[in-house]
Amino acid sequence: MNENVLEMVDIVKIFPGVVANDRVNFSLKAGEIHALLGENGAGKTTLMNILYGIYKMDSGVIKVDGRAVSIRSPRDAIKLGIGMVHQNFKLVPAHTVVENIILGSENNGFILDLKKSSEKIKNLASSFGLKVDPFSEVWKLSMGERQRVEILKLLYRNVRIMIFDEPTAVLTPQEKKELFSSLKEMSSKGKSIIFITHKLDEVLEISDRVTVLRRGKNVATKITKETNKFELANLMIGRPIIFEYSKNPPKLSGLALKVENVRVLDEEGNLRLKDVSFSLSGGEIVGVAGIAGNGQRELAEAITGLRHVSSGKVFVRGKDLTNASPRRFFENGVLFIPEERLGVGTAPNLSVAENLVLKSYDNSPFSNSVFLKFDAIQKFAEMLVKDFEILCPSVKVPVKFLSGGNLQKVVLARELGNLVSRDVNVIVAMYPTRGLDVGATEYVRRLLLKMRDQGNAIIFFSEDLEEILSISDRIFVMFDGRIVGEMDSSKADVEKIGLMMAGSIAS
Ligand SMILES: Nc1ncnc2c1ncn2[C@@H]1O[C@H](COP(=O)(O)OP(=O)(O)O)[C@@H](O)[C@H]1O
Ligand SMILES: [Mg+2]
């Protein structure tokens, strides 16, 4: 258990404008599960793509069993016993599980071996708890099953160093449990496992050791048992992280939004919002809990002008804006942070700077009717990038190259960035931290609280009860197109909210 099967020494990888790996060191022992932890963009995938022969490093040394090796392709890696399960699977959908597994492995009698191969696969599957039908075509399989095929492919090739790149991102909670038990089984049988993640709980649950990367640099390697969530978060983000928020009591500043008996029909004429009424004051933050699909999206869209209201009224600061255009809502201080970051949220091929001014384009100071003022746009964008801690090589990079967390910050910065100059605003945020890593999540929550303290009225939708409880002043629960519960967050009871979400009780 003390021998290093793998050492990566002073690995450097430079992409245009970014040092993705800056003299990174990483070592792996036989039979250990070693987590590679870091925020989005920290350089985890790059380091492992180098190990797997997909990227060529600019400098550094890789040693396997103490011997320096040269890995120029995944084929070289496999020969050395190194395999990788990628974030996006690379299987052939029309082929069966067996075909996918033996495809490309050194095997001359392809057809003749099918029977023998499937036996071997079955044995591997049962000894590592990787349930999957060898004769099923891959397109029929769930994401969890496809992942198992990828793992079996590596085991079939006798790989002993296995790299998993954020393997839980595509899994249900049940599948995740099964994966974790397979990982433990593999490590107990001598496989060495590299487990990439940005989730602290996963590190604590599955790993023996953890190496933390931050902005392309090594910050620490720890024995998991000897560290904790707070220390890891601090190492990963570079500052202490708040898991609990201290809030000032709300200072209410008058009615900002009033919704009266609003009904919304969907395309098929079904009632999706059923007489929803509530009001929201400046200086407060309301969290809406509920299982997705119970009218949250319709409600958010009805109060931002994105969805036609079939009856009822929407007032913003006393002004009737029922069925006004999204633009008029925006001009009246209603800001929308959408759920979908690419697509509605951003224009993928436009630069960071262009995305940051998307909505305010035709207003000065960014345009003089025909020409956009590029200097002004660039300066403004650079200011927002700094304020919102958006990680990008330059504001000229197309946003499609940004990580999910940074993309979300672009959307937030665009919606919230020029708030300072306005009156009280109504901020409507859909799942504002979904898919974000710890640092970005905390940042967004603190930002919402700051906006509230500045007098804005905030309503946000979330599936994360902990999040709702930690930052809201009031909590709504939606079920079946209605607000079935409303309570002060100081008096909130998780159990009761859960029952309301399931439609079992109303308050
Ligand atoms: N093929 C590439 N071309 C240019 N830049 C890249 C490429 N792959 C990654 N990067 C950049 O390198 C940095 C590290 O990315 P990555 O290794 O994917 O991080 P992680 O896996 O930790 O989220 C990021 O700034 C990313 O934008
Ligand atoms: Mg990655």
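This report walks through the strands, helices and ligand shell of the structure above.

## Before you start

The model is predicted: local features need pLDDT of at least 70, side-chain atom pairs count only at pLDDT 80 or more, and totals for chains, interfaces and linings use all residues. Residues are numbered from 1 along each chain as its sequence is written, while chains are lettered from A and ligands numbered from 1 in the order in which they are written.

Let's settle the naming. Helices (H or I, at least four residues) and strands (E, at least two) are DSSP runs, numbered from the N terminus. Two strands are said to pair if DSSP finds at least two bridges between them.

## The six-stranded sheet

Let's begin with an open sheet of 6 strands, whose order is S6-S7-S8-S3-S9-S10 and whose pairing is mixed. Strand S6 (82–85) and strand S10 (217–223) stand at its edges; each has a single partner strand, so one side of each is left without a neighbour in the sheet. From one strand to the next, the twist averages 20° (angles run from 0 to 180 degrees between N-to-C directions, and axes are lines fitted to C-alpha atoms, for helices over the stretch in contact).

How many bridges join S6 to S7? There are 4 bridges, and these two strands run parallel. Look for Met-84, whose bridge partner in S7 is Ile-163.

Asn-158 has a phi near 65°, a positive value in a residue other than glycine. Is Asn-158 buried or exposed? It counts as exposed, with 10 C-beta neighbours inside 10 Å. The cut-offs are these: a residue is buried if 20 or more other C-beta atoms lie within 10 Å of its own, exposed if 12 or fewer, and partly exposed in between, with C-beta atoms placed from the backbone.

## Strand S1 and its partners

Strand S1 (residues 4–15) is joined to S2 by 9 bridges, and the two run antiparallel. Asn-4 stands opposite Lys-29 in S2. The hairpin of S1 and S2 has 2 residues between the strands, and Gly-17 takes a positive phi near 85° in this hairpin.

S1 is also joined to strand S4 (residues 59–64), by 5 bridges and again in the antiparallel sense. Here Val-12 stands opposite Ser-59 in S4. Asp-10 counts as partly exposed, because it has 14 C-beta neighbours inside 10 Å.

## Around ligand 1

Which residues come nearest to ligand 1? Of the 13 residues around it, they are Phe-15, Ala-20, Lys-44, Thr-45 and Thr-46 (a residue is near a molecule or strand if its C-beta atom, placed from the backbone, lies within 6 Å of it). Strand S2 (18–29) and helix H1 (44–51) are the elements that give two or more residues to this shell, and the largest share, 3 residues, comes from H1.

By type, the shell divides into 5 nonpolar, 7 polar and 1 charged. In this sorting, Ala, Val, Leu, Ile, Met, Phe, Trp, Tyr, Cys and Pro count as nonpolar, Asp, Glu, Lys and Arg as charged, and the others, Gly among them, as polar.

Helix H1 is mostly covered, with 8 of its 8 residues buried. Among them are Lys-44, Thr-45 and Thr-46. Just after H1, Gly-53 takes a positive phi of about 80°.

## The four-stranded sheet

Another open sheet has 4 strands in the order S12-S11-S14-S15, with antiparallel pairing. Its edge strands, S12 (271–281) and S15 (319–320), each pair on one side only. Strand S11 (residues 255–265) and strand S14 (residues 311–316) pair over 5 bridges, and Glu-260 stands opposite Lys-313 in S14.

Arg-317 lies in the loop between S14 and S15. Arg-317 is partly exposed, because 19 other C-beta atoms lie within 10 Å. The C-alpha atoms of Arg-317 and Gly-254 are separated by 8.4 Å, and these residues are 63 residues apart along the chain.

## Two helices side by side

Finally, look at helix H13 (residues 404–416) and helix H14 (residues 438–453), whose axes come within 11 Å and cross at roughly 15°. H13 and H14 are therefore roughly parallel to each other (angles under 35 degrees count as roughly parallel, over 145 as roughly antiparallel, 65 to 115 as roughly perpendicular and the rest as oblique).

H13 passes H14 in a left-handed crossing. A crossing is left-handed if the near helix is turned anticlockwise from the far one by less than a right angle, and right-handed if clockwise.
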